[in-house]
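Please examine the sequence and the structure before reading on.

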Amino acid sequence: LLPLFRDAMVHSQAPVILPSLLACDLANLATEANRVCPNKEDYVHLDVMDGHFVPNLTWGAPVVKCLRPHCKAFFDVHLMVSDPAFWIKDMKDAGADQFTFHIEATDDPRGLIAKIKEAGMKCGIALKPKTPASAVEEYAGEVDLVLCMTVEPGFGGQKFMHDIMPKVSALRARFPALNIQVDGGVGPDNIDIVAQAGANWIVAGSSVFKAADPRACMLTMHRSVEKHGNGKADAELTPMP
């Protein structure tokens with residue numbers, strides 16, 4: 001695929017690759033989490049779906065709480081729920097490090113951001129594919145991350161939506177110091193386009209868990225963000241093992 005952008009959206013935000021546990025062998029959740037993210041410096045992405053905001057059910061705070069003692073990684077929890085405020089305390093008590101809610105699920109984004117931060121978690125705000133970047137721009141300075149969905153939320157394994165990249169690019173151009181996350185259908189085959197658009201937090205499910213070497217797959221994507229997002233020369237990239 002040809003790049004969508006002639007000039008990459010160069011920024012200084014560090015690459016973060018987050019395996020999405022929804023794509024792992026759920027019968028062996030702790031083992032799978034540690035297979036791809038064994039270190040305290042790692043990040044994992046946990047999708048919480050309530051069957052109302054999206055037409056699927058996954059796990060809730062009890063599963064997150066059970067996993068917490070068995071995984072050292074940072075827990076990035078993506079709440080695809082109709083009442084995100086209801087789950088703030090439960091997710092904090094379960095061990096979530098970051099709580100990302102959908103802008104479409106609240107009438108009071110600023111109040112919700114304040115409650116999440118008061119609970120001691122980092123805060124992210126997410127947009128469905130059809131929601132414009134303008135919906136979150138006034139809150140971008142108050143959150144730790146903006147998530148642009150590159151599939152319709154609710155199910156894993158969907159095809160990546162290339163037409164979301166201009167949204168990512170617009171956010172990066174306006175907010176160079178913002179962490180911008182993409183989630184849905186991302187892997188080594190399209191990471192360059194994502195990195196060129198300006199995303200630096202990369203959620204990857206099937207592409208990581210189905211890889212022969214998941215850590216090498218993650219490093220490939222990390223290096224792409226370094227090169228196309230941070231503007232590093234090949235010699236400056238994190239070396240492959």
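Is D93 buried, partly exposed or exposed? D93 counts as partly exposed, at 47% relative accessibility, where buried means under 20% relative accessible area, exposed over 50%, and partly exposed in between (1.4 Å probe, protein chains only). The model is predicted: local features need pLDDT of at least 70, side-chain atom pairs count only at pLDDT 80 or more, and totals for chains, interfaces and linings use all residues. Residues are numbered from 1 along each chain as its sequence is written, and side-chain values use heavy atoms, with hydrogens and water left out.

**Salt bridges in total**
- A salt bridge is a side-chain nitrogen of Lys or Arg within 4 Å of a carboxyl oxygen of Asp or Glu; by this rule, the count is 9.

- D93 forms a salt bridge with K89, with the closest N and O atoms 2.7 Å apart.
- Both residues lie in helix α3 (residues 88-94), 4 residues apart, or about one turn of the helix; helices are DSSP runs of H or I with at least four residues, strands are runs of E with at least two, and both are numbered from the N terminus.
- K89 is exposed, with a relative accessible area of 57%.

- E138 forms a salt bridge with R110, the closest N and O atoms being 3.7 Å apart.
- E138 lies in the loop between β5 (122-127) and β6 (145-149), whereas R110 lies in helix α4 (residues 109-118), 28 residues apart.
- E138 is exposed at 51%, while R110 is partly exposed at 37%.
- A network of salt bridges links R110, E138 and E142.

- K232 and E226 form a salt bridge at 3.8 Å, N to O.
- E226 is buried, with a relative accessible area of 4%, whereas K232 is partly exposed at 33%.
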